[in-house]
Amino acid sequence: MPVPTQGLKLQIVNAATGKILGARATPGTDGALVVRDFPDDGPSPEQWQLTPVQATQGGPAQDEQAYVISNAVSGKVLDNPATADRGVRQWDATAGKKAQQWHLVPVDGEAGLYFIEDATDGAVLDLADPTVDDPRVVLREHDDSATSQHWRFVTAAPERTSDPVLHWAPLSHWNSRQSWRLARSAALRPAPDATPSFSDMLLILKRFGSDQDAGAWQSVGATRAPSGQPCWWAGLGDRLLADTTGTGRADLVGLKPAKGAVTAASEGDGTFKDDERVLHPPVPSPSPKDLWTLADTTGDGRPDVVVLAADGVRVFLQDENKKFAPASGEPVVKAFGHGQPAGGWVADKHPRFVTDTTGDGRADIVGFHDDGVWISLQDEEGKFAPLADKPALRAFGHDEKAGGWVADKHPRFLADTTGDGRADIVGFHDDGVWISFQDEEGEFADPLWVLDDFGVDQGWSSVEEHPRSLVRTADGGAVDLVGFGPQGVVVARGRGDGTFEPSELVLNDFGLDQEWTSKKHLRFLADVTGDGNPDIVGFGDEGVWVSHNCGDGRFKQAQLVCRGFGHNDEAGAWRVGRHPRFVADITGDGRVDIVGFGGPGVYVARNLFRRFRTR
């Protein structure tokens, strides 16, 4: 578990006893600390907060980050009084006092466990006698074999903001009369001051739904779900939102076996045209294994259709009249396809991306095959280069010789981590984060291990369960790592040189510990307020939750912003796998709206944030 960031409330649990750090059941005046059990019918366990100690301006830099550990209620802090019994107490805080500063040292090979080390002499928190009831917390010399010196941080429940929904419930009387009373239901609704404010969920188009009357849409192709991977590929039966004309408004797009890509264009007012116009017909010799996407491949601002077909990559350019090239001719590169002559690429084994790797404004094609990374660059004339005789990098591949990267466990990305305009390769393997830098000649260096988090060994079990992204969490900052980990949202701030600060648990929400799971819920990063910083959007049990970006790599506690699109019956009974949901700007006003493909058709909740302004 990463170190929880300042502001999160947590319990400190001793790993050997499972008991919680706190004062005695009958506190004394000495402030002594023990570990003890807290009965369910008794007082709540004490909660603590970690505050990083800032280096003194002009003074020497800290070799290791120190923290003040303070009681979240009383404000008293963990203190070393330097007494003969080496006991630790909670005491009034004194600014700059070294005896109230602590280092958090990870236990080797034990994810989520720490030594709590005194900043004055390196002694660590331990128990005077772990075998007795409510043992006293003391300082002792560091001992790797002493599990009583291992501590775990358990974050408190998230402090979400919402209002209850009331309903009339029958009330029976002894004389058989019946009356009614207001009772709280299982549903929640947004609080009046929730931002952004969304409209109610409305059915605006009886097409593109999973019900028979709405088209009986269901995914039957070899699709790759948008679960942390930066490139969205759609298969037969998939539905998505994409700006098909470059107008700044997202349209509805779906893939039909006989018609290819069909679309219903946005009207600009939160509705869509009531038809299914063919956007592009199927490719020659279509297959359920074909993968489609829309991407601007030439830098002209107009999205093109890109298909990973059996015989390679087919690109259909969009002209100035918003017409796509016909579905004929040869692939732009006879590679990256699912047919054996094109390499035998498999959707759930070999990630592929359409992205600008060189900074020239034109999209290239990058794929991670068994033996490593393969790249086809696009030149100034729009032609894609044939693949070389060997991979651009013998790493990040599926085979053991190329690293043993598995698609559903080890997400890989292309992102500029150094600010030179060139894409680097970033991957999350079992032991953490690896990066391969691209130089001025377009060559990729051997991968470097840069961070011991976000990997399987640290509890990030799969791509689906723990989505990860590379995104700037602060305007003008470097690319950061953001992930939905076991305990909540984790961020590692980018330094701008391809390395990252130590990861921090910045929000105790949207993780497995808070009962968010990929089988029931969706989580995205999207700017919902228009300030340029990505916020967290989660489709949970009760509806849509938003956690606002603080602008410094941290996020505020979540607010319920829409009572629809959720897993519970009261929120619409939406199901992952049957009901795709997105946040996208469908009006062109610069604010993302909520769009879902339900059973009867397409539902929309409009973003009302700053809709009415005074001048």
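Does R207 count as buried, partly exposed or exposed, and what is its relative accessibility? At 28% relative accessibility, R207 counts as partly exposed; buried means under 20% relative accessible area, exposed over 50%, and partly exposed in between, with a 1.4 Å probe and protein chains only.

This is a predicted model, in which local features need pLDDT of at least 70, side-chain atom pairs count only at pLDDT 80 or more, and totals for chains, interfaces and linings use all residues. Residues are numbered from 1 along each chain as its sequence is written, and side-chain values use heavy atoms, with hydrogens and water left out.

**Salt bridges**

D274 is exposed, at 55% relative accessible area. Strands (E, at least two residues) are DSSP runs, numbered from the N terminus.

Next, select D121 and R86, whose side chains meet in a salt bridge of 3.1 Å, N to O. D121 lies in the loop between β10 (113–118) and β11 (124–127) and R86 in the loop between β7 (77–79) and β8 (89–91), so the pair ties together parts that are 35 residues apart in sequence. The structure holds 22 salt bridges.

**A surface patch**

Move to L166, W168, W180 and L182, which form a nonpolar patch on the surface with about 510 Å² of accessible area together. Such patches are made of residues with over 30% relative accessible area and no salt bridge, nonpolar side chains (Val, Leu, Ile, Met, Phe, Trp, Tyr) being joined within 5 Å. Strands β14 (163–172) and β15 (178–189) each supply at least two residues of the patch. W168 lies in β14 and is exposed, at 57% relative accessible area.

**An open sheet**

Now display the five strands that form an open sheet with mixed pairing, in the order β1-β34-β33-β32-β31. β1 (3–4) and β31 (468–471) stand at the edges, each with a single partner strand, so one side of each is left without a neighbour in the sheet. Two strands pair if DSSP finds at least two bridges between them. β1 runs parallel to β34 (residues 504–507), joined by two bridges; select P4 to find its bridge partner in β34, L505.

Methods. Helices (H or I, at least four residues) and strands (E, at least two) are DSSP runs, numbered from the N terminus. Patches are made of residues with over 30% relative accessible area and no salt bridge: like charges are joined within 9 Å, nonpolar side chains (Val, Leu, Ile, Met, Phe, Trp, Tyr) within 5 Å. Accessible areas come from the Shrake-Rupley method with a 1.4 Å probe; for residues, only the protein chains shown count as cover. A salt bridge is a side-chain nitrogen of Lys or Arg within 4 Å of a carboxyl oxygen of Asp or Glu.
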